[in-house]
2 protein chains.
Amino acid sequence: MDPETRFNELIQRLRQRQCRLTPQRIALIRVLTSSEDHPTAAQLYDRLRAQFPTMSLGTVYKTLDLLFEMGEVLEISVSDGAAHYDGRKPFPHPHLICIRCRKIRDAESSLAENMTLEITQTSGFRIVGHRLDFYGLCPDCRQAE
Amino acid sequence: MDPETRFNELIQRLRQRQCRLTPQRIALIRVLTSSEDHPTAAQLYDRLRAQFPTMSLGTVYKTLDLLFEMGEVLEISVSDGAAHYDGRKPFPHPHLICIRCRKIRDAESSLAENMTLEITQTSGFRIVGHRLDFYGLCPDCRQAE
DNA sequence: GTGCTTGCAAACAGTTTGCAGATAG
DNA sequence: CTATCTGCAAACTGTTTGCAAGCAC
């Protein structure tokens, strides 16, 4: 899905929920949907402040929480403290996380869906989300070794 | 693997590393290997303090870090702040996490290994670990709905 | 005896909260 | 006009760090 479509989708969802469409929220959704990487709250805050000096970190957190509760944003916790966010693919999918440079990439796997199905059927849980994180050295960092 | 065997294995690994076998470390490994659930550092501390009043939370963290770096303990980050630890199955495996009662259970899946293989081959990453967490409502909490 | 380990307390980082003032609808 | 939202700052939580005293080897 291209960023523009996703942007409009999120705006639409907020409208449905009768949430106020403040400039801050619109700007955050803009940045979130156009980010190729998986930024932390602080990184989003930095990117926003450049073009939106009045934005505050607290508002970033509040808006991310709102979108998270709506199921429109994925929270990825790497073991580096801060949570990372993915607003482009709200459906779960595997991530590749480099243990050296901390970069996060999306991974494709045909088996992810089947595994979710298998677990759903055998566990008795009603599954509402999953996180599939793979840790390792990315190609760049392997060379640097 | 039964708790006793795993306990001895961990003690052995520490010896190999020439680490001191202090009473604190032995007690923590005892609790860790006999825990059916996935306790946080604070929970481990509470369980230890009962029979070991001099134990400090800092030591719990330091010992967990040591075992984690040795690859003998899994760190599971739920989105509830604190990290949970699993010392019984150091090889990665899927976890089921209840979003209501926060309980964490082990899940079995035949596909987990294949998926890891697939990702390893297509990503260019050298994979050293993975985390497969499934979020949902456990059978108990589904009934309570 | 040596140097790793502990316990304590202070420091730290990320996140959450409370509230007065601002503003979208 | 009103209820929601923002911005700020203080509070909180989990974790890390530094260092003197203790103890495994």
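# Exercises on the contact between chain B and chain A

The contact draws 39 residues from chain B and 39 residues from chain A, a contact being heavy atoms within 4.5 Å. The model is predicted: local features need pLDDT of at least 70 and side-chain atom pairs count only at pLDDT 80 or more, while totals for chains, interfaces and linings use all residues. Residues are numbered from 1 along each chain as its sequence is written, chains are lettered from A in the order in which they are written, and side-chain values use heavy atoms, with hydrogens and water left out.

**Exercise 1.** State how much area chain B and chain A bury between them, and which residues of chain B lose the most.

Solution. Step 1: the two chains bury about 3400 Å² between them, 63% of it on carbon and sulfur atoms. Buried area is the accessible area (1.4 Å probe) that two parts lose on being put together, summed over both. Step 2: on the side of chain B, the residues losing the most area to chain A are B:F125, B:R131 and B:F134, together 22% of what that side buries.

**Exercise 2.** Describe the polar links across the interface and the elements of chain B that take part.

Solution. Step 1: the rule finds two salt bridges between chain B and chain A, a salt bridge being a side-chain nitrogen of Lys or Arg within 4 Å of a carboxyl oxygen of Asp or Glu. One of B:R131's partners is A:D133, with the closest N and O atoms of this salt bridge 3.8 Å apart.

Step 1: at least two residues each come from β1 (74-77), β3 (95-98), α5 (111-123), β5 (126-137) and α6 (139-144) of chain B. Helices (H or I, at least four residues) and strands (E, at least two) are DSSP runs, numbered from the N terminus. The largest share, twelve residues, belongs to β5(B).

**Exercise 3.** Determine how β5 of chain A and β5(B) pair.

Solution. Step 1: strand β5 (residues 126-137) of chain A and β5(B) run in the antiparallel sense over eleven bridges; two strands pair if DSSP finds at least two bridges between them. Step 2: as one position in this pairing, A:R126 stands opposite B:L137.

**Exercise 4.** Is B:S35 buried or exposed, and what surrounds it?

Solution. Step 1: B:S35 sits in the loop between α2 (23-34) and α3 (41-51) of chain B. Step 2: B:S35 is buried because its relative accessible area is 7%, and buried means under 20%, exposed over 50%, partly exposed in between (1.4 Å probe, protein chains only). Step 3: a polar atom of the B:S35 side chain lies 2.6 Å from the backbone oxygen of B:V31, and the side chain of B:S35 makes a polar contact with that of B:R47 (3.2 Å). Step 4: leaving out residues up to four places away in sequence, B:S35 touches B:R47 and B:R88.

**Exercise 5.** Place B:A83 in chain B and list its contacts.

Solution. Step 1: B:A83 belongs to strand β2 (residues 83-86) of chain B. Step 2: B:A83 counts as partly exposed because its relative accessibility is 23%. Step 3: not counting residues up to four places away in sequence, B:A83 touches B:P39, B:T40, B:A41, B:E75 and B:I76.

Note on methods: Polar contact = N/O pair within 3.5 Å; in protein donor to acceptor, adjacent residues only side chain to side chain.
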